[in-house]
Structure formats: structure tokens, C-alpha cells
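Thank you all for coming. I would like to walk you through one structure this morning, beginning with a helix and moving on to the aromatic residues.

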Amino acid sequence: METMEGREDLKSILEYLPVVVRSCSLFWPPQVVDALKVLAGGPDQSGVHSGELLFIAISDLRHSLLLSSHPFAPSAPYGYALFFNELMSRGEARKWFGEVVPALANLLLRLPALLEYHYQNAGDLIHGVKTGLRLLDSQEAGIVLLSQELISALLGCSLFCLFPTNKRGARHLPTINCDHLFAALYDSYSEQQENKIRCIIHYFERISCHMPEGFVSFERKVLPLKHDPLSISYPKASFWSKSDIPLCRFEVNSSDSGLIEDQSSGALEVDFANKNIGGGALRKGCVQEEIRFMINPELIASMLFMPSMEDNEAIEIIGAERFSDYTGYASSFRFAGDYVDTRDVDSLRRRKTRIIAIDALCSPGMRQYKQDFLLRETNKAFCGFFQQSKDQHNKRLFREDGCSGVQLHPDVKDSSDICSDNRLETSENSDEVFGGQSVHQQIRDSEMSLDNEDDEVGIATGNWGCGAFGGDPEVKAVVQWLAASQAERPFILYYTLGSKALRNIEQVTRWIRSHEWTVGDLWNLLVEYSTQRLKGETDDGFFTWLLPSLFAPHHDTDMLDLPISP
């Protein structure tokens, strides 16, 4: 049996974990074990019954782990005291210190055993695919599959600020401890910050009463920058310009209260992500991504081992359970009590909640209309929406000259080298020819985890890259439509949240669909429009520029030949 010390996956993540390894075992230092046992005995034994005393216990644990010199938010002690002493009711505090903190201490005592069990079984859950907890570095396509119980122990370490942080910045890893979350509460109190913490505390209350038994997978998806005969590479503009893929259905939810996470169609749900997964979830952020990480706290585990995303990367998370209800957004965000997640589970015991994190350009201004930046945004969405294992269904993606215009690698002299009868050339001995399957194919082909339902999985999204990020809502909507269509998703479900800029999006997309445009048709018009915007030849939005009669006073929709339904 492979020892813990010999595991390459563990080696990559070990310096970011609070446990230590020796020969066959993972363990806590003896002082940490003693301290956790005292905490597990409850306030009568530990004396921990207030925010100040909880933080003293946390500081002792950090000292035992030699973390005293690691960066730490100075106001964190005051934030813990403020929340647990003043913002919690007496009844809530009694339950927290009397039941939840002891349960968390017992859970943390079991962390080494949970990790060992995880690594012992990491090769068996998805046959032939590495799923062990490890650093999933940039440009490294791969998947990590964690039990919800192990995630809860890791998040307990986050709450108690036990993760080493000295080397995280150099590896472009996000914040993982909760010190900044609590420090921000004290430094500049706001109701939304208090309610973010209430979501996290509610999660720990729930798991201390009943530990969930499922799994969550975390996958880094990569569109290779170099030619790869086994996967779709990062497309160039000609790929989009020549695509003959038909545009998929475009469904609109224009309600002010329609939310992506409430969709019931089994769609892939878009996380309007920061390039650092989670964004300001464990700091002061409180917009779309951060809210999702608060109501589905298991998403926070990705922040432990996922460095920042590059332009050709996306992160897909399947199985994260929702624990909290909420109202509002940003400054009006409020925890609204318990939420019971009733979504079905797949064969890997993951909830059928599929979340795709894609980061848009931040404050792009006029540069968003340059073709290179249009290409970046479209490829970013495509990376998230596309399933690399669907080559047999996406054979048109590989066609040249009237097919889909893939830019050939310089070593490929003719399209016949990769394309025959409009399909990717394969071999019975493809492992010998190509050196084995791509990671994406191994993951998808081995797990069969969604019971062959992927063909019916659409995209649920909204104003990605707009709002605080400053993107053009009409352009961003079209970019996502192009990407979803090229990825051969059956539909895109678009939540406008009542955006005035998108009040005519349903009419425009119906008109386009009625004329049976392809991805290439729409891409070419988007490029033409963007060129005119850059040159100052138009100040109109894309929809007005495309269909001026629709936006004219007293327009007659009959003149647009609008169909009754898509």
C-alpha cells in the first residue's frame, strides 16, 4: 500500500493543510489534539462561552500549529467577539458554545482520519481518474472529489483559521481562513456582512446535528492553448466566424425576483466569478458569486486548492448542497433561515446542482468591443459550457471549409489530417497514437455520473460580467448565447433581473431564431457592430443597431416577422 508520504497528490497540497504526515499516517500535533479534546468537552470543561474566549482558543490552536507568524487580519478578534457576544441572541449563543463548538472540535479531531480514508479511496470513486485532494494548478485539467463530511472538516479549519497562509499568495490561491470575514464585520459593520456570517454559522449548526453523506466534485476545465488532437483547443476568431452550428433556444426570465439557483430544469448554473474562485466570499464581497458561496458553503472548499483562473480556464463544481435561504442582494442581502435542498443525487452521490465558474473582464470599457476581447469572453464562456468528451456529438467542431473553421495547427498540412467524413479521425489504437485519453474524456467517459442526461443540460445564466464588472449587457448576453450554442447545449435560460437594458431581449432573440441564423452569422454581426462602436460610428446598443425598427417609436412588431414561439 502506498504510504501517505509517497502520494504525489498529498505532497502538492500538504504545505497548505494544517495536519502533518509521517510514514503511513496523517495527524495533528499533540498540543492541538489536547486543545481540541478540551473544546470537545463543552464550555464546562473548556470555559469557552464567549467570542473573546473562542478566539483565545483559536489563537492557542494556531500557536500550536506554528502559525503565529502567518498573515492574519488584526481586527479578527474583535469581529469574533462582536458577532458571538452582541449579534447572536443568548439562546443562539448557548446552542453555539454548548453544542456546535464541541461538535466542530470532535469533527476536527477526525480530520486526519477523514483525509487518510479519502486518499485510500481516491482512485476507486471514478475508475481510472485521479480524484485525490491536491493543488489543481493553472493549465492542469483535473478533478477532485470530496465527501461532504471531509469538506465540513476543512471548513471547520477555515472558521478556526487553521490553514497555513504564508505561501498561498505566491501560488495565486484565494483567501481560505475566516479572519478577514470577521475583521470586516468589526472594521466597517454592515448588515450584509453580519448576514453572510449568519449563513456560515447556520451551515455549521446544520452539519453538527446531521452530517450529510454525499460528495462534491471540483473540476478545472482547460481549453488547451496548443493543438491537442484529443480535445478542442482554444478557438481563434475564424473558428467562430465560420461556425455553422445552429443557435440554441433562448428562454428569458425577466422577473425582478428570478434567480439562477432556483431554476428547476437541471441546467448548468453560471457563477459570475472572480478569477480567484469565490471572489470576496471570505472578505467583504456580497454580490452574485459571494452570495452563492454563502448559501452553498461547500463551494468554499474550492478556495483551498484552486489557484486563479487564466483566460482559457473555468471551474465546474457539482454536488454542493444549499443550506440557507436569503433575500436581497449586495447591501440588502439578508439570511432568511434554513433551506432544505431536495435536488436528486447522481450515481456518485452528488446533488444534481451543476455550477460553472467563469470570470469576465473587469471594467473593460471600450476595449470590450475589440475583437481580441470579444474572443476572450466568448472562449471563456465556451470553456465553461463545453463538454470535451462529446467529440462524437461535436464532430462538426472539427470541420474546415464550410464546416466550422477550426484553426489548424501548423504541423497539420491539410484538414484531412484531422477530418474525415466530417468527424475526428480516430484509431482502434488511439492510446498509442495520442498517448491516451485526455483528462476531460477520462472524467466524463469513466464516471457516467449524470445517467446520460448531459444532452439535456442547458445553461442558466444572466448578466455575467455586467453590474460591478462594467460589461455591456447586450454584448454579454450574445456572447453567452454563442458559447452555449457552439457547445451544443439545448437551451440558454437567461435571467435579466428586470434589467432595462435587456427589456427587448426576448423579441430580439426570437427574431434571430426565426431566421435560422448560425453561430457564425451572429458572431460576424457582433464583430461588425463592435468595430463600429470602436470607430465611433454608432452609439446604439447591439439590439438597436441590429433591429432599429424594433426600437423605433410605435414600431410594428408584425413588420419584424416575429414568430409566436421560438
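Which elements do the buried residues of helix 7 pack against? Before I answer, please note that this is a predicted model, in which local features need pLDDT of at least 70 and side-chain atom pairs count only at pLDDT 80 or more, while totals for chains, interfaces and linings use all residues. Residues are numbered from 1 along each chain as its sequence is written, and side-chain values use heavy atoms, with hydrogens and water left out.

The buried residues of helix 7 pack against helix 1 (8–13), strand 2 (25–27), helix 6, strand 3 (142–147) and helix 8 (148–159), where contact means heavy atoms within 4.5 Å. Helices (H or I, at least four residues) and strands (E, at least two) are DSSP runs, numbered from the N terminus. Helix 7 spans residues 111–121, and its buried residues include Leu111, Leu114 and Tyr119; buried means under 20% relative accessible area, with a 1.4 Å probe and protein chains only.

Turning to the rings, a search of the whole structure finds 27 aromatic pairs, a pair being rings of Phe, Tyr and Trp (its six-membered ring) with centres within 6.5 Å. The rings of Phe84 and Trp96 have centres 5.3 Å apart and planes at 20 degrees, so this pair is stacked, the cut-off for which is under 30 degrees. Because Phe84 lies in helix 5 (residues 76–87) and Trp96 in helix 6 (residues 90–109), the pair ties together parts 12 residues apart in sequence. Phe84 is buried, at 2% relative accessible area, and Trp96 is buried as well, at 0%.

Terms used: Rings of Phe, Tyr and Trp (its six-membered ring) pair if their centres lie within 6.5 Å; planes under 30 degrees apart count as stacked, over 60 as edge-to-face and the rest as tilted. Buried means under 20% relative accessible area, exposed over 50%, partly exposed in between (1.4 Å probe, protein chains only).
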